[in-house]
Amino acid sequence: LKITLLCYISRLVLLVTCFAMSTSDELSGAEEASSTLSSTSTSEGEGSSKLRTPPTCKDRLLLGHRKIYIVVVSAGLAQASAAVCQTFVLGPLQGELWGKDMAQLGAWFGIVINIVAFLTGGSFGRLSDKIDRRVACCAFFVGSFLPAISLVVMGLTNRGLWVACASRILGAVVVAANVPMALLQDVSPFEHREVATGIFFALTNGLTVLLNGVPAVLITILKVVNIGAFEMLLFSLILAGLALVGLAMLGSVRTDPDRPSESRTHAEDPDRRGGCRAAFLDPLILIWKHSRLRPLCASAFLMSWAGTIIMCTSGQYYNDALGLLPYGLPSEFAMVSVLQTLPGQLLVIPGYWITGSLSKSKGSLFLLRILIPITALLMLPGIVMAFAPFMWILPVVVIALNYTGLPQVPLFRMIAGVAPPGRMGEALSAAGITMQAAGLVSNLMIALTSSRVQNIPMKSPLWVFYPLAAVLQFCAVLPLLGNPRHGHWGAAAGVVEDQVMATIYAAVFGLRWLRKSQERSPHLQEASSSTEASADETNAAEARV
């Protein structure tokens, strides 16, 4: 098994090396081609048109957009920090101090976290639309760092464990808001948002593998180095500090409520009031009244329901299928824990980037409709573990299950695209609270039915949850069939007709707003002489529409 893990690590190094060499070759070739074209166009004179170069690897990876990578790396460091704390400190401490009550207590904490996130996620997403998005993202990161901070202050004791778990409930206030995704959409140009979303999922996964998965293999399995829990806790806090430094390096990113949206109908924008309604009901009202956001959130609910079922049952199911319960060795449990995380997280990285590229070229809506049925089929290989319980099959099953998360790339891109003006953070948090509601339903279902399923007289009976998850995943495509009740999906869907109409209406209403603002504002009437042509263009555009 150690030789197998070393082979996986060597293959990873070879893949990274080959990718870096090919990237450098393409970039050098692109630089030579661009220099040749620029010299040719200069010699032809000012009136000649420049040749359009094909997209290079630098363009496909958005290497010229520094802010995108700052946001992605900061989010990846924050995710890796939380994973390191859970893997090396919080998880082992729960097993040591809670013992057989670990699963039951963990389930109850998960239910409370889902409820808190459902009740408060919308209000925090609304707050992120009103303030500097970096401040909201900083609060989001701090919410994920609270367990590590609590353990450092209170110590690795029983009291410290309870305080850390309570801090997870406090951090759930911000966990459903998806603020890093909203910040990514703010700093990304419109034409590159699909690729940027794919890069976001790919690099955050890659950093988690590099900073959490690889140390887990070296420390837990291969035992190359001997590092204690407190040292790994300090390492988690260092990653947290680097994530906050990354946000500080980012330039000012304020949300602009007057910025034109990719999809807007005034009738669908509900009234926004203060008080309790603003905190709890407005995100739900936004989901219900917005004809484009409602089916997207329904699809997110079903996919999250299916994914949470698999996540809650996979660990016990794999151990049971491999015959490790109840007399397995600690090294065998550690091996299963590594194999059910590391291969999938590693090999899904190119899948996220390819999905982002295809979302840009084929359209987010088209790709989402294709990916959901395919990923539903990828949930069925989990049944194989019950009838062919071999250790080498486990990574194959895990890789297939990790690829079931690919529809999140076009889904979140469309949710950000159909959001009303100035409410993108609230729309993403609305999707987040629907996913938290799905997690709550899944946790309650597993808690109430898992013991009865385990009493079924068959080998590894938990495999029955995998066909159920596949059916739920497949049903997620049903809300996306057809068009919304009011109009079409908007420019974010990638449909050419919707993009053309969105551009025309944006130009028409922009010119109309300019004309009316000049008529009503005295200080703008002095500049009306320079904008008389705009009024004529407005009338002509309205006539054409």
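Q: Is Cys85 buried or exposed?

A: In this predicted model, where local features need pLDDT of at least 70, side-chain atom pairs count only at pLDDT 80 or more, and totals for chains, interfaces and linings use all residues, residues are numbered from 1 along each chain as its sequence is written. Side-chain values use heavy atoms, with hydrogens and water left out. A residue is called buried under 20% relative accessible area, exposed over 50%, and partly exposed in between (1.4 Å probe, protein chains only). Cys85, with a relative accessible area of 4%, is buried, whereas Cys475, at 27% relative accessibility, is partly exposed.

Q: How many disulfides are there?

A: A disulfide is a pair of cysteine sulfur atoms within 2.5 Å, and by this rule the count is zero. Cys85 takes part in no disulfide, the nearest cysteine sulfur being that of Cys165, 9.9 Å away.

Q: Where does Ser460 lie?

A: Helices (H or I, at least four residues) and strands (E, at least two) are DSSP runs, numbered from the N terminus. Ser460 lies in the loop between α19 (424-454) and α20 (465-475). Although Ser460 is not a glycine, its phi is positive, at about 50 degrees, and the residue is buried, with a relative accessible area of 4%.
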